[in-house]
Amino acid sequence: MSAEPAVVQLRRFSKWYGDVVAVADLSFELRPGVTGLLGPNGAGKTTTLKAICGLLHPSQGEVLLFGRPIRRDPMLYRAIGVVPDGDRLYPRLTVRSYVRLHAELQGVADPGAATERAIAEVDMAPLADRRLKGLSKGERQRTKVAGAIVHQPALLILDEPMTGMDPGQRARFIELIRLIGAAGVTVLVSSHILGEVERLASQILVLVSGRLAASGDYHAIRDLMADQPRTVMVKADDARRLAAGLIALPSTVAVEVDGDALRARTRSVDSFATALPRLARDQGASLREIRTTDESLEQVFRYLVGRR
Amino acid sequence: MSRSLTLLRFSLGQLLAGRRLVIVALLVALPLVLPAVFAAGADVDPATFTLDLFRQLVLPVLLPVVALTFSTSSLGSELRDGTITNLLLKPIPRPAVLGGKYLAAVVSSLLVLLPAETAGHVVAAGGLGSTQLLSGMLLATVVGTLAYCALGVLLSLLMARALLVGLAYALLWEGAVVSVAPSAASLSIRGYTEGVLAAVLRGGGLDLTTRLGPVSATVLAAVVTLAALVLAVRRLERMDIP
C-alpha cells in the first residue's frame, strides 16, 4: 500500500436530487493507470465524474483529489484534465484557438508549443484551422481531448470520450490513452460499451443504478458476467418438440413454449447455437428465427448486482 | 493574473463576436443620432433636447436593454449550453470567473452605449456642446451599466429566463411602479442613474428634479451593485453545474 494519498478518493459518496438517488454510498480509490468506469445509461457514471471534477457537491460523503477536496482548492485543476459529456464546445473557435484557450487558462508556460503538441497527439493537425462547428462529432471529441491534455495533467477524466469516433479513430485514441496511462497518469474513462473498456483499461468499476456493482480486474469481472444465463428466443414450426430436445442439453437452464416460439435460458450461447440446428434437423423442425433477447449490458450489470 | 486576462479577453470575444458589436452599436446609435439630426436643424435648445432624449430613451430603455442583454448572456448562455465547464475546470477561482464575465458584459455595454450617446450629443449641439451635460450622461451610463450588469449576471445564475425577468423589472417596475409610487425609486437603478446625472448637472443651468438625492443615489447604486455581485459569487460557488 502506497503512503501517498490516492489520486482520487471517494468516501461514501452519495448524490441525490429531491427523492431521486443518482449515486448511493460509493467508495473507491484511483491510482496511476487507466481505470474504466462502466455502466448502463443512467447508472450514475456522469454524476460520479462530475463530482470528482468538482462540478457537483456531494449530498453525502466526500470526494478528495490528491488528498484534498477540489471545491476548496481550484489550483488543483492545474493537475486535472477533463473531457466532459456532451458537446460543450465554442462553435466559432477553430481547433487551434480552442486548444490554445485551454493552454492559456491552465497557465502553460509555452501555450503555442503545447497547443501544437496536443493537437498532433489526437491527429487533428490537418484540421487545426477549421472551425469547430464544421467538424464531425468524432473530430470534436478529439479536439476536446486535446484541450484536456494540453497541460499534461496528472489526472485525466474522460466521459464517454469515444462517442462519434470511427473505428480507426477509436483504435488510435485507445492507443493514446494507454500510452498516457503507462506514463504514470491516472486516467478514468467512462463508457457503457464493454468492448471499449476492455481495450482501454485493466481495472474497472461497474456502476449499476448508482451503486458500485463490481470493481477490480477486468478479466475477473468478465468471468463473473460470463456465468449469467442468457435467453435465446427461437421460432420454429414445431416448437414444443424442439423444446423437449433443448431441455436435455446440459447448458440449458429452462425452456418456455408459447405457440410457435420458445424461450430458452442457457449458460452457454455457443453450445446452444451448435446444438440447435442438429436438434432441429433430427426432429424435422424448421427454424424461422433465432435471437438472443437479453444481450444488453444493462442485463449483464443487473446480474452482477444480483450476485452481491 | 494572465489567466484572468485570458478569460476577460475570451469573454469579450464571445459577446462581441463577428459583426454583433457593429449591429448592436448601430441599433443603439440610430435612435439617438437620427432625432439629433432633425433637432439640429430645428429651433430647439440642443442641451435641453439631448437631456430629454437621454431621460426618455436612454435611461428607461436603451441602457437596461443593452446592459441586461449582455450580462444575462455573458454567463447565462454558457451555463445553459454547458460550455461554462471549459472555464470552471481551470485553476481560476470561481469569483474570478464571475468577475471576468461581469467585466466583459460591462465593457461590451459601454462600447455600445457611450459612443452612441456622444454621437447624438455632438450632432444635436453641432459641436462639443455642453461638456457638463455630456460628462453627466456618460457617468450616469457607467453607473447604470455597472448596476444593471450585476443584476443581469445574478439573474442568469438564478433562472433560465433571466433577460425576460430583468426587462420586466426595468420596464414595469422602474417604468410603471416608480412613477405611481415614488418611494419605490430607492429600489430603482434608473432612479440611481438620474440622481447621479442630477448631481453632475447641478448649477449648470440644467437642474433636474429627481426622487433621490445625489448621495443617496450613489450609495444605493454602489450597494445594489455590490450586493448583486456578492450574491452571484455565492451562487456560483455553491451551485451544481449540470
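Colleague: What covers the buried residues of H3(A)?
Modeller: Please keep in mind that this is a predicted model. The cover over the buried residues of H3(A) includes helix H2 (95–105) and helix H4 (137–149) of chain A.

Colleague: And which residues of H3(A) are the buried ones?
Modeller: Helix H3 of chain A runs over residues 111–121, and its buried residues are A:Pro111, A:Ala114, A:Thr115, A:Ala118 and A:Ile119. They span an arc of only 130° around the axis, so they sit on the same side of H3(A).

Colleague: What is exposed on the other side of H3(A)?
Modeller: There you find A:Gly112, A:Ala113 and A:Ala120, which are exposed on that other side of H3(A). After H3(A) comes A:Asp123, which has a positive phi, near 60°.

Colleague: How many residues of helix H1 of chain A are buried?
Modeller: Nine of the nine residues in H1(A), which covers 45–53, are buried, and the helix is thus mostly covered. Among them are A:Lys45 and A:Lys50, along with A:Thr46, A:Thr47 and A:Thr48, as well as A:Leu49 and A:Ile52. Just after H1(A), A:Gly54 has a positive phi of about 90°.

Colleague: Then what about A:Glu160, where is that?
Modeller: A:Glu160 is in the loop between strand E6 (155–159) and helix H5 (167–182) of chain A. Its phi is also given as positive, at about 45°, although A:Glu160 is not a glycine. A:Glu160 is buried, because 22 other C-beta atoms lie within 10 Å.

Colleague: How far apart are the C-alpha atoms of A:Gly86 and A:Pro161?
Modeller: These two C-alpha atoms are separated by 9.5 Å, while A:Gly86 and A:Pro161 are 75 residues apart along the chain. A:Gly86 itself belongs to the loop between E5 and H2 of chain A, and it counts as partly exposed, with 15 C-beta neighbours inside 10 Å.

Colleague: Stepping back, how is chain A divided?
Modeller: Chain A has domain 1, covering 8–225, and domain 2, covering 228–307. Taken over C-alpha atoms, the centres of domain 1 and domain 2 of chain A are 39 Å apart.

Colleague: Changing topic to chain B, how many helices and strands are there?
Modeller: Chain B has nine helices and zero strands. As for its dimensions, the C-alpha trace of chain B spans about 60 × 40 × 30 Å along its principal axes. The radius of gyration of chain B is 18 Å, which agrees with the value near 18 Å for a compact globule, because that is what 242 residues would give.

Colleague: What share of chain B counts as buried?
Modeller: Of the 242 residues in chain B, 46% count as buried. Of the contacts in chain B with a separation of 6 or more, 78% are between residues 24 or more positions apart.

Colleague: Which residues touch the most other members of the largest nonpolar core?
Modeller: That core has 144 residues, and the ones touching the most other members are A:Ile157, B:Ala147, B:Ala150 and B:Val153. Leaving aside its neighbours within four places in sequence, B:Ala147 is in contact with B:Ile189, B:Tyr192, B:Ala221, B:Val224 and B:Thr225. There is also a second, separate core of 13 residues, and it includes A:Ala264, A:Phe272, A:Leu279 and A:Ala280.

Colleague: Last one: how many residues of chain B are in contact with chain A?
Modeller: 19 residues of chain B are in contact with 20 residues of chain A. On the chain B side, the elements giving two or more residues are helix H1 (2–15) and helix H4 (85–88) of chain B, and H1(B) provides the largest share, five residues. By class, that side of chain B has 10 nonpolar, six polar and three charged residues.

How values were computed: Residues numbered from 1 in each chain as written. Chains lettered and ligands numbered in written order. Predicted model: local features only at pLDDT ≥ 70, side-chain atom pairs only at ≥ 80, totals over all residues. Domains from an automatic or database assignment. Contact = placed C-beta atoms within 7 Å. Helix = DSSP H or I, 4+ residues; strand = E, 2+ residues; numbered from the N terminus. Nonpolar A, V, L, I, M, F, W, Y, C, P; charged D, E, K, R; others polar. Rg over C-alpha atoms; globule rule 2.2 N^0.38 Å. Buried ≥ 20, exposed ≤ 12 C-beta atoms within 10 Å, placed from the backbone. Core = buried A, V, L, I, M, F, W, Y, C linked by C-beta atoms within 7 Å. Arc of directions from axis to C-beta.
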